[in-house]
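Dear colleague,

My notes on what was found in it come after that.

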Amino acid sequence: MRKFETLLLLSPELAADAREALLGTFTGVIERAGGRFTADHWGMRDLAYPVRYFVRLEYVAPGDTVAELERIIRISDGAFKFLTVKLADAAEEVA
């Protein structure tokens, strides 16, 4: 198991229940692979470009889980951008 972090930029037009359903789809991929996760909702951010909704997922999962998670994110409506970073090669707990 490796430790990863994925930062998601979601559409601000998504209703709260639609946003939670979308995140449930993403976290379901991690859970089906036997991983554990924490989700930090950073909320709306007003930057130099239109407002986006930010969510940070930190998770421990097998390495091949990232490819499946990113595939699901790419085909999902409402997810604008994402970035995944490997935090550690071997992890026991989500921090």
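Ala39 stands opposite Leu57 in strand 3, where strands are DSSP runs of E with at least two residues, helices are runs of H or I with at least four, and both are numbered from the N terminus. Please bear in mind that this is a predicted model, in which local features need pLDDT of at least 70 and side-chain atom pairs count only at pLDDT 80 or more, while totals for chains, interfaces and linings use all residues. Residues are numbered from 1 along each chain as its sequence is written, and side-chain values use heavy atoms, with hydrogens and water left out.

Strand 2 (residues 36–45) runs antiparallel to strand 3 and is joined to it by 9 bridges; strands 1 and 3 are likewise antiparallel, with 9 bridges between them (two strands pair if DSSP finds at least two bridges). Because 9 of its 10 residues are buried, strand 3 is largely enclosed by the rest of the structure (buried means under 20% relative accessible area, with a 1.4 Å probe and protein chains only).

Thr6 lies in strand 1 (residues 2–10) and counts as buried because its relative accessibility is 0%. Leaving aside neighbours within four places in sequence, the residues in contact with Thr6 include Val55, Leu57 and Thr84 (contact means heavy atoms within 4.5 Å).

Best regards

Notes:
Buried means under 20% relative accessible area, exposed over 50%, partly exposed in between (1.4 Å probe, protein chains only).
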